[in-house]
Amino acid sequence: MSSKSPYYITTAIAYVNGAPHLGHAYEVILTDVMARFRRLDGHQVFFLTGTDEHGEKVATTAERNNMAPRDFCDKIAAQFVEMDEILNISHDDFIRTTQPRHYAASQAIWNELTKRGDIYLGKYEGWYSVRDEAYFGEDELNTDENGKKVAPSGAEVTWKEEPSYFFRLSAYTEKLLAYYEQHPEFIEPDTRRNEIVSFVRQEGGLKDLSVSRTSFDWGVPVPNDDRHVMYVWLDALTNYITGVGYPDTNSDTFKTFWPADVHVIGKDIIRFHAIYWPAFLMAANLPLPKKIFAHGFINVEGQKMSKSLGNVLSPHDLVNAYGVDQTRYFLMREVPHGQDGNFSHEQAILRLNSDLANSLGNLAQRTLSMIAKNCGEVVPQPDGFTEDDKALLDLAHIRMLPLVRHEYDRFMIHRAIEEIMRVSYEANSYIDRQAPWGLKKTDPQRMNTVLYVLAEVVRCLALIMQPLTPASAARMLEQLAVAENERSFEFISSGHSLKPGVKLPAPQGVFPRMGDAQNQKAAG
RNA sequence: GGCGGUGUAGCUCAGCCGGUAGAGCAGAGGAAUCAUAAUCCUUGUGUCGGGGGUUCAAGUCCCUCCACCGCCA
């Protein structure tokens, strides 16, 4: 197809402890938008998402629901699969850590680490919190009102002692620091990298990491010692290589796609991805992913989403209220690169109306309906372009894509959207300046040219909107009679302009205005 | 407590290596009427968190203080 480099992008795999919420939706949409952009831009893309299903917490939750862990996981995993369908996610594979292929990969990497001498048997003892899935030092604990010891999170802790395998993380302190130094783009945004570097630089360096448990059995068995199951994070992180065929490092997928171009994750799990994962990979003698991108969280009406506040939004709520493409667009538009974003119904309506309905949707509609009424329902024949025409066409054909691509390269989707909207504004300004409705009587030839220019700009806008609003962009392209195999970004050029005389279907509005009805529905 | 970040128009944010502030939305006025009552044009006197310093010149560099956030302890 093209000589552009393959592109491997992943979401974090979702922990199946609970149902999908808006945060999961945001992450998978962000990743999907990036994956679609790269595909349309000529890259061979592999987009992996999935679910993380092991660990004591899942086992406990399953038990509380009177379900076997596996059945419980099946149930929740199905909800994530369903969410991806609803959100029109274009993943190439959906991995579950309970799949046989993943057991094979996890045990293989374990064996590699062992072979390398980086895993040894020791003993873990300390105060353990099931809820946090973590041990705490005596000095980290607080005392609650009943005089009981609790974790910093407030979770109950119990004294536990268990034999455990350890990963020699301490041996990687300097190697990791050197890697961060040599690859400043490895962790983004910068503020997250600063945090990681200062953590790794801590006095005494990194401590070895407990990587197995004997106190429960819901996990991948440790090879040659099945009293132990592997630590969930070692198991979970390995999904990124399982997905491309590990342990078969000679497979086509592995050779093509590893190392991954980017792991898209939430800022809360940066440490696992920016410290543990590269250390594991170094130990297994595998190349490291090129980038860890940590996104922020979505607040709702200015407040953190939380069950106790009762303001948890499900992806379904938004999709029902605004539509799939609108939900995708709003989240991408309103959450700046790596920062937290805010969702509010008022803002959603303002944004969706002003960007999608008023500017872009209306531009397409006014253009197409004038063509339908005045040009015999076919692409009009242009007749010589003026400077004004050329300026707008150049913007759409030549300048827009590089500007947008530059922002995508940096995960600045909100900025990319601004660049796209700028073109839409320019086109609306042009249409008023040229006033084709007035030319109808005075100069029909010129009217045809103006409408042709507009239709051509709408075509380019629809093409570049595809990653963000795939279904709506497709509808716009259908209305312009653009064939499905002519929708990649190489068609954003004057060389692939609309052919005059081609019959066009009846225009239909693509981005409806949101009114109070939607607001009510969403709030309820 | 340590490290890092943020604080710029009503709202969300841009402002690279210093040269006396910008964009979108919202608001106001006008034009137009092809279109989803959508569009276009015009319109922002903001102590750029406070104070001090360096400089001919500082959101933009230095110091300090305040507020908020993140990571670590």
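The model is predicted, so local features need pLDDT of at least 70, side-chain atom pairs count only at pLDDT 80 or more, and totals for chains, interfaces and linings use all residues. Residues are numbered from 1 along each chain as its sequence is written, chains are lettered from A and ligands numbered from 1 in the order in which they are written, and side-chain values use heavy atoms, with hydrogens and water left out.

A residue is called near a strand if one of its heavy atoms lies within 4 Å of it. There are 27 residues around RNA strand B, and Arg-271, Asn-362, Arg-366, Lys-373 and Phe-511 come nearest.

Which helix gives the most to the surface? That's helix 13, with twelve residues. Helix 13 (345-374), helix 6 (190-200) and helix 15 (413-434) each supply at least two. Helices (H or I, at least four residues) and strands (E, at least two) are DSSP runs, numbered from the N terminus.

| Protein atom | Atom of RNA strand B | Distance |
|---|---|---|
| Arg-192, polar side-chain atom | sugar or linking oxygen | 2.7 Å |
| Gly-361, polar backbone atom | base oxygen | 3.1 Å |
| Lys-373, polar side-chain atom | phosphate oxygen | 2.5 Å |

Now for the sheets. Strands of a sheet pair through backbone hydrogen bonds, either parallel or antiparallel. Two strands pair if DSSP finds at least two bridges between them.

One open sheet has three strands in the order 12-14-13, with antiparallel pairing. Strand 12 (212-213) and strand 13 (221-222) stand at the edges with a single partner strand each, so one side of each has no neighbour in the sheet. Strand 12 is joined to strand 14 (residues 225-230) by two bridges, and Ser-212 stands opposite Met-230 in strand 14.

Another open sheet has three strands in the order 18-17-19, and its pairing is mixed. Strand 18 (303-304) and strand 19 (341-343) are at the edges, each with a single partner strand, so one side of each is left without a neighbour in the sheet. Strand 17 (residues 298-300) and strand 19 run parallel and are joined by three bridges; Ile-298 stands opposite Gly-341 in strand 19.

Conventions. Polar contact = N/O pair within 3.5 Å; in protein donor to acceptor, adjacent residues only side chain to side chain.
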